Amino acid sequence: MGQEEGGSKFAGFPYKPYSIQVDFMNALYQSLDKGGVSMLESPTGTGKTLSIICSAFQWVLDQRRKENLQIRDDSVANQKSEGQVGCDDEPAWLRNFDVNKSNQPPEKKINEKKDVCQSKKKGKGSNQESYRDLFARGEEECSPMDKLSEKLQKKNDAEELSDDEFLLEEYESDEERALGGGKSKRKPGGISICSSSDEEREEDGTNEKEEDEGRMKVYFCSRTHSQLSQFIQELRKTVFANEINVVCLGSRKNLCINEEVLKLGNSTRINERCLDLRKNKKNETSKIKNVGADGRRHRTKASSGCPMLRKHQLQRQFRSEASHNGALDIEDLIQLGRSLGTCPYYASRSMVLGADLVVLPYQSLLSKSSRESLGLNLKNNIVIIDEAHNLADSLISMYDAKITLSQLETVHLHIEKYFGRFRNLLGPGNRRHIQTLMVITRALLQSLLEKDMDYVDTCKDAEKAAGSINAFDSSMAINDFLFSLNIDNINMIKLVQYIKESNIIHKISGYGDKVSRLNEGLALKDSWESYEEESSLAGFQALVDMLLSLINKDSDGRIIISRARPTCFGQKGGYLKYVMLTGEKIFSEIAGQAHAVILAGGTLQPIEETRERLFPWLPLSELHFFSCNHIVPPENIMPVAVSYGPTGRSFDFSYNSRSLPTVRS
């Protein structure tokens with residue numbers, strides 16, 4: 001009887017469910033009703049993925065039906081009240097205006113918001129457009145000789161270093177602006193390394209602030225892309241695949257279709273090259289011109305330096321076809337991007353706004369910076385984390401930070417060069433923060449080099465010193481580390497905020513890289529093949545990660561100091577590493593925003609260990625835990641240990657011997 005009731009409640013299940021699947025779906029449904037953190041355990045082979053899909057989206061559809069009924073009841077009540085209070089001479093269309101507007105679907109409300117916002121943006125930018133038109137007319141009216149001389153001048157300028165593009169805008173913190181009583185001289189909003197450009201958002205109409213918070217989303221994440229692809233395959237078996245909007249997110253390395261970028265191989269270099277191409281957007285937009293049929297030159301808008309992002313039309317076509325084809329996994333998105341010749345990475349990111357289900361890997365959801373750059377809003381939404389048995393380890397390792405001695409030396413050198421070049425041109429706010437950065441990098445360098453002088457006499461002493469690990473490696477708490485370097489009086493939170501808002505990373509690294517290339521006699525034009533294995537941008541990002549780590553509580557982690565080891569060849573190692581010890585703070589940010597967080601897996605016990613590492617603030621009485629037995633009865637299982645095969649040879653499946661023909665036979 002219970003199985004029949006469960007089957008009728010979860011009509012989207014494609015088969016007749018087992019009792020164990022009905023129990024799991026009921027437990028998940030109750031967890032979503034209750035909200036908060038829940039742990040659901042179901043062994044491998046019990047149809048856990050299919051049960052998650054059918055239960056979660058049945059709950060979402062039921063909630064939407066309840067909301068629609070509530071809206072309808074409110075509309076009827078409003079009509080009755082307006083009929084009693086309103087004037088009899090009032091036209092019917094006027095009385096029903098507000099009612100019809102409240103019954104609009106969420107998609108239509110979002111589109112209306114976008115139209116209003118875009119009209120406001122056009123109004124604000126009318127003066128800028130008029131200036132651009134004025135300059136464009138001036139260029140068209142130039143004589144051929146002027147155009148030729150201008151072209152030659154631009155060519156000559158390209159061979160020299162233009163410093164104006166690296167100059168920072170004047171910066172004032174929020175407190176300084178409040179004390180000054182004036183308007184801020186900097187642009188509002190932060191600059192994220194991984195964020196899309198403002199122009200693309202205006203073109204696509206996908207402003208993150210316009211997201212309809214009333215539209216509930218489900219975020220499903222797992223460890224690997226193959227597990228996410230398996231989830232999409234299970235989703236296609238259900239009726240929900242045609243009723244909901246699905247988007248699958250992946251990394252640049254998995255979704256990039258630019259062969260020149262893919263040749264770089266390393267994930268870090270692929271990310272940097274992608275960001276570098278998008279950083280060149282404005283420069284390319286201003287230079288590309290085409291000659292029309294009338295013989296006059298017209299500006300052509302180029303969206304990016306990457307050939308896969310130059311046409312917004314193809315990005316819109318990608319989104320349209322992806323929505324029409326239903327649930328697509330990573331491989332399907334790549335195939336669609338190749339067929340259209342447009343980037344599936346940025347196209348899939350732009351589909352997050354209108355999606356009901358977002359499928360993504362651990363890192364994209366658990367990392368706060370990734371959530372911000374992708375525009376993921378967890379507020380009052382559902383988060384389902386599959387394979388959660390190793391969630392604590394993945395979460396903690398994700399927030400580790402490391403910077404090497406060579407990266408520190410490069411970053412410190414670039415900051416000094418930049419400050420020496422632009423010192424007299426920078427405002428007081430920029431000067432103060434850049435000097436603070438130099439103090440910090442100098443102190444971090446000192447912590448890695450202070451014991452070098454003990455072992456520089458001979459090559460024999462250097463080799464002896466390299467073997468004594470304890471003399472060079474140590475660990476410290478965050479506060480002890482800051483006190484030992486005399487940088488405990490620096491406000492790291494404000495410094496990190498300045499780095500994010502001022503775009504100083506790109507300014508200094510770009511200036512330093514161009515100076516280095518000019519000194520080496522290389523062409524100014526970007527030649528990524530000659531790029532160093534680790535560019536200065538990677539070093540700056542490592543420094544930012546380390547500064548973010550120093551903001552954590554003293555008990556959250558430890559600083560590992562591995563000092564430089566001199567050798568007879570003059571090579572040195574050395575690094576600073578922050579190791580996170582608990583994921584409480586990180587997980588609390590997710591649980592505090594989401595309506596419900598579901599941790600699912602085959603084996604989640606002992607739950608006490610997971611609770612202590614992720615959410616110790618949650619009492620066991622408030623934690624909803626469900627565990628079901630395997631569909632195979634215990635009496636039907638007989639574990640047997642086999643140590644040798646039919647030939648009498650002992651089994652040895654170690655890495656070195658498992659491929660030998662004798663073992664296989």
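Two rings of Phe, Tyr or Trp count as a pair here if their centres lie within 6.5 Å. With that cut-off in hand, look at the predicted model above: ring pairs link Tyr418, Phe422 and Tyr511 into a cluster. A search of the whole structure turns up 10 aromatic pairs, and a couple of them are worth a walk-through.

Start with phenylalanine 220 and phenylalanine 231. Their ring centres sit 3.8 Å apart with the planes at 15 degrees, so this pair is stacked; the cut-off for that label is planes under 30 degrees apart. Phenylalanine 220 belongs to strand E2 (residues 218-222) and phenylalanine 231 to helix H11 (residues 225-235), so the pair ties together parts that are 11 residues apart in sequence. As for burial, phenylalanine 220 has a relative accessible area of 2% and is buried, and phenylalanine 231, with 2%, is buried too.

Tyrosine 418 is in helix H22 (residues 405-422) and tyrosine 511 is in helix H27 (residues 504-519), so their contact ties together parts that are 93 residues apart in sequence. Tyrosine 418 is buried at 0% relative accessible area, and tyrosine 511 is buried at 8%.

Rings meet charges as well. Lysine 9 lies over the face of tyrosine 29, 4.0 Å from the ring centre. Likewise, lysine 402 lies over the face of tyrosine 575, at 4.4 Å from the ring centre.

Methods: Residues are numbered from 1 along each chain as its sequence is written. This is a predicted model: local features need pLDDT of at least 70, side-chain atom pairs count only at pLDDT 80 or more; totals for chains, interfaces and linings use all residues. Side-chain values use heavy atoms; hydrogens and water are left out. Rings of Phe, Tyr and Trp (its six-membered ring) pair if their centres lie within 6.5 Å; planes under 30 degrees apart count as stacked, over 60 as edge-to-face and the rest as tilted. Helices (H or I, at least four residues) and strands (E, at least two) are DSSP runs, numbered from the N terminus. Buried means under 20% relative accessible area, exposed over 50%, partly exposed in between (1.4 Å probe, protein chains only). A charge sits over a ring if NZ of Lys or CZ of Arg is within 6 Å of the ring centre and within 35 degrees of the ring normal.
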